[in-house]
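Here's a quick tour of a protein chain, one topic at a time. Keep the 3D view open and click along as you read.

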Amino acid sequence: MKFTQVLKMAASSSVLDGVFGINKPMGMSSAQLIRDCQHHFNPSALFKPMIDQHMANRAQESNNQKKRRGFGKKDVRVKIGHGGTLDPLATGVLILGVGKGTKSLQSFLDCTKKYETVVLFGASTDTYDRVGKILKKTSYDHITRPMVEEALKSFRGKLQQTPPLYSALKMEGKPLYEYAREGKPIPREIATREVEVSNLELVEWFEPGEHSHRWPAEEATSFERSFAEQVWKIEKNQMTSKKLTPEEEEEETKALKEHENFKRKADENVDALVYDRVNKRRKNAQNVPLMSGALGDLPPASPKPGKGSNLVPPTPDQDTPPAWEGKGPPAARIRMTVTSGFYVRSFCHDLGAKVGSAGIMSELCRSQQGDFVLGSSNCLEYSDLEKGEAVWAPKLKDMLDQWNIKPHQASPPLRAIKKEPSPNSKKSSRSRSPKSRSEKGRRASEDLFNLEAVTNDRPPKSQESIRSPSPKKRTGSDKADKFEDAFSKAI
């Protein structure tokens, strides 16, 4: 046996696979979080068997396979993917799959989620949150807590929701935000999606002047404001005008289905999208970090902030001068349980319009996704990674063991539907006794001997030994019977 095969067998016996949750910090993209996890996992002793297994697989590749491997992907890394992106502004549960656990991530794209958000009234932005550009400012003095609680009633249950302008949805092959950036008109109506809100409650009310939430300082340009007004007008007309024709509904459904398929493929292949671009001009190759931590070296230092680390400005404190005069607008903290596809930013925007003003999303935290709950035993804190392998490795191992012990949340792979046997049908070959298996093997050996005798011009055995067994209760499967008939016809 080759050394690479021995190495592969030894590594596969202790490879850790599974799914776990991690608390994503604010300002970081989901892909950057995966890069940071790989930075700590690659040289660790916990994932050394997985690295060894990947190296054994690479050693068995042909030269053509090695050449086809893209530049920058030739290094061996721990395979990680996520079960649905989380906005850079948001914090909370991000589900990650390691190794074979990435195959189970598909099921988490359609599971129930719990969020907690802060809505700041009085202004609207192009991104529906506090990191965008201000499109308009409106009055807010009339907004009270009873008014907001009354408006929340219209958002419970099933409803049609329009995605935000700067979302990932595509229209005729182009993301919706590209029309906004280029200042082009939208070619057709924006497809709405049906979502469901099973729980919606106001948990905290901030009176004017009693919170640190702020509007963004940057104002939108004139054509950005014009485009936003166009989108809002289309959205209003869609809600009040007649329904689409069957042909238009079919086109909308087809376009939305194509987008969902594209999004699922992107989520499944996210582990291939998180590699940083390698600088070919870099000369100090001797300083490239090696995966030697698993051999007893010191744990890796904290990674330098990547391109997806600081995407959101920090929350301003109370000393930051506001963009308004007087005490300013009120704000509300709202907790909700929603289905997949729900846009919290759109909810904040629509809630502001419902109370006769405007609203933006100032904070967002995903407290639960599926069975993964923030602060529980199956959700790792991002700060534990910086404390070293001695801190995060035992916790992560328990999480992966917990995932592998209990039934997976992921849907089982699709299999061919097995036809149920009739009450009078014979038992399958798997339920045969050892005696019946030996008889079947003996008969197959005799058939092979007789076939060889015919080809060598030797007299075959009697037809009785070649025939199928006597009509006793047979336990062979249909495939075994066809096997015997084939030998009989050949003789």
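The side chain of H40 reaches over to the backbone oxygen of L385, at 3.4 Å. You'll find H40 in helix α2, which covers residues 30-41. Keep in mind that you're looking at a predicted model.

- Is H40 buried or exposed? With a relative accessibility of 6%, H40 falls under the 20% cut-off, so H40 counts as buried.

**The chain as a whole**
- There are 14 helices and 14 strands to look for in the chain.
- The chain has 491 residues, and 40% of them are buried.
- Take the contacts with a separation of 6 or more: 81% of them are between residues 24 or more positions apart.

**Helix α5 and its buried side**
- Which residues of helix α5 (residues 145-152) are buried? They are V148, A151 and L152.
- These residues sit on the same side of α5, because they cover an arc of only 105° around the axis.
- The partners they pack against are β4 (113-121), β10, β11 (331-338) and α9 (344-354).

**Y128, a residue with positive phi**
- Y128 isn't a glycine, yet its phi is positive, near 65°.
- Look for Y128 in the loop that runs between β5 (123-125) and β6 (134-137).
- Y128 has a relative accessible area of 4%, so it is buried.

**Aromatic pairs**
- To describe a pair of aromatic rings, you give the distance of the centres and the angle of the planes.
- How many aromatic pairs are there? The count comes to 9.
- F108 and F372 make an edge-to-face pair, because their planes are at 70°, over the 60 degrees needed; their ring centres are 5.7 Å apart.
- F108 is in the loop between β3 (91-98) and β4, while F372 is in strand β13 (residues 372-373), so this pair ties together parts 264 residues apart in sequence.
- F108 has 2% relative accessibility and counts as buried; F372, also at 2%, is buried too.
- W215 and W324 form another edge-to-face pair, 4.9 Å from centre to centre with 75° between the planes.
- That pair links distant parts of the chain, 109 residues apart: W215 is in the loop between β10 and α7 (222-240), and W324 is in the loop between α8 (246-268) and β11.
- Both of these tryptophans, W215 and W324, are buried.
- Finally, look for the cluster that ring pairs build from F41, F47 and W392.

Note on methods: Residues are numbered from 1 along each chain as its sequence is written. This is a predicted model: local features need pLDDT of at least 70, side-chain atom pairs count only at pLDDT 80 or more; totals for chains, interfaces and linings use all residues. Side-chain values use heavy atoms; hydrogens and water are left out. Helices (H or I, at least four residues) and strands (E, at least two) are DSSP runs, numbered from the N terminus. Buried means under 20% relative accessible area, exposed over 50%, partly exposed in between (1.4 Å probe, protein chains only). A polar contact is a pair of N or O atoms within 3.5 Å; within protein, one must be able to donate a hydrogen and the other to accept it, and residues adjacent in sequence count only if both atoms are side-chain atoms. The arc is that of the directions from the helix axis to the C-beta atoms. Contact means heavy atoms within 4.5 Å. Rings of Phe, Tyr and Trp (its six-membered ring) pair if their centres lie within 6.5 Å; planes under 30 degrees apart count as stacked, over 60 as edge-to-face and the rest as tilted.
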